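Please keep the structure open beside the text as you read.

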Amino acid sequence: MNSRVHPQWIEQHFAWYRAAWIECGELIDHYGFKWWKKQAPDMEQVRLEVIDIWHFGLSALFVEGKSIDAIAEEIVAQLEAHQPSGLDVREATEALALHALQTRGFSPALFHDLMLAAELDFDGLYRAYVGKNVLNFFRQDHGYKEGTYIKNWAGREDNEHLVELQATLDATAPDFADNVYAALAQRYGEALAG
């Protein structure tokens with residue numbers, strides 16, 4: 001997806017850390033923080049924000065001259081050396097955002113704390129990441145960059161449709177990503193026609 005937005009995305013040194021901490025704010029909004037009103041966490045949307053954070057955080061780890069294998073080894077080493085904090089969703093999100101702001105980087109270990117707090121395991125991370133990546137391609141294919149894409153269909157945001165559609169698909173299928181795209185295309189077409 002990054003290559004679609006800019007072919008030389010690694011060399012551009014985009015502020016991935018900034019996108020990650022902004023997504024942390026969006027996550028907190030879905031989880032709830034307003035003690036002065038009744039709020040219920042929308043955990044599906046929280047998990048989708050976790051996926052957005054993962055995308056930007058993972059992108060931040062890519063630097064010129066570093067191989068994918070080296071990045072993977074660094075992530076594994078950080079996770080193995082880290083003792084989970086046991087923080088709740090808000091605290092884990094704030095810790096990750098603070099790290100991003102202070103270092104202009106991304107911490108896979110602190111991200112793992114957030115995953116645990118949001119009750120998201122690595123299989124769930126994979127499934128949701130593939131789905132969100134497909135949705136991002138779908139958005140681009142349907143005018144997102146040009147401003148013609150309609151993000152709300154039938155009274156709900158596309159993220160909500162994605163979660164619902166993914167629940168009906170087999171994430172272990174070799175054509176999982178293609179199936180997600182096809183399901184989105186069908187529902188989007190029906191929503192616009194109806």
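Let us begin with helix α7 (residues 122-141) and helix α9 (residues 176-193), whose axes come within 9 Å and cross at roughly 50°. That angle makes α7 oblique to α9, oblique being the class left over once angles under 35 degrees are called roughly parallel, over 145 roughly antiparallel and 65 to 115 roughly perpendicular. The crossing of α7 past α9 is right-handed. From α7, the residues R127, V130, G131, V134, L135, F137, F138 and D141 make the contact, and α9 answers with F176, A177, V180, Y181, L184, A185 and Y188. By class, this contact of α7 with α9 has twelve nonpolar, one polar and two charged residues.

A few words on how to read these values. The model is predicted, so local features need pLDDT of at least 70 and side-chain atom pairs count only at pLDDT 80 or more, while totals for chains, interfaces and linings use all residues. Residues are numbered from 1 along each chain as its sequence is written, and side-chain values use heavy atoms, with hydrogens and water left out. Helices are DSSP runs (H or I, at least four residues) numbered from the N terminus. Their axes are lines fitted to C-alpha atoms over the stretch in contact, with angles from 0 to 180 degrees between N-to-C directions. Contact means heavy atoms within 4.5 Å. A crossing is right-handed if the near helix is turned clockwise from the far one by less than a right angle, and left-handed if anticlockwise. Ala, Val, Leu, Ile, Met, Phe, Trp, Tyr, Cys and Pro count as nonpolar, Asp, Glu, Lys and Arg as charged, and the others, Gly among them, as polar.

Next comes α2 (16-31). With helix α5 (residues 89-103), α2 packs at an angle of about 160°, the axes being 9 Å apart; the two are therefore roughly antiparallel. Here α2 passes α5 in a left-handed crossing. Y17, W21, C24, L27, I28 and Y31 of α2 meet V89, R90, T93, L96, A97, A100 and L101 of α5. That contact has eleven nonpolar, one polar and one charged residues.

The packing of α2 with α3 has an angle of about 175° and axes 8 Å apart. This makes α2 roughly antiparallel to α3. Among the residues in contact are W16, C24, L27 and Y31 of α2 and M43, V46, I53 and F56 of α3. By class, the contact of α2 with α3 has twelve nonpolar, three polar and four charged residues.

On a 1 Å grid over the protein atoms alone, a cavity is a set of points where a 1.4 Å probe fits but cannot get out, and a pocket is an open set with protein on both sides within 12 Å along at least five of seven lines; lining residues have an atom within 4 Å of a point. Points are joined across faces, edges and corners, and a volume is the space filled by probe spheres set on them.

| Space | Volume | Lining by class |
|---|---|---|
| Largest pocket | about 430 Å³ | seven nonpolar, five polar, eight charged |
| Second largest pocket | about 220 Å³ | five nonpolar, two polar, four charged |
| Largest cavity | about 40 Å³ | one nonpolar, three polar, two charged |

Which residues lie nearest the centre of the largest pocket? Of its 20 lining residues, they are H55, F56, N136, R139 and Y144. The helices α1 (2-5), α2, α3 (43-61) and α7 each supply at least two residues of that lining.

The second largest pocket is lined by residues including E44, R47, E119, R127 and Q166. Two or more of its lining residues come from each of α3, α7 and α8 (158-166).

The structure holds one cavity of 30 Å³ or more. D52, H55, Y129, K132, N133 and N136 line the largest cavity. Both α3 and α7 give two or more residues to this lining, and α7 gives the most, with four.
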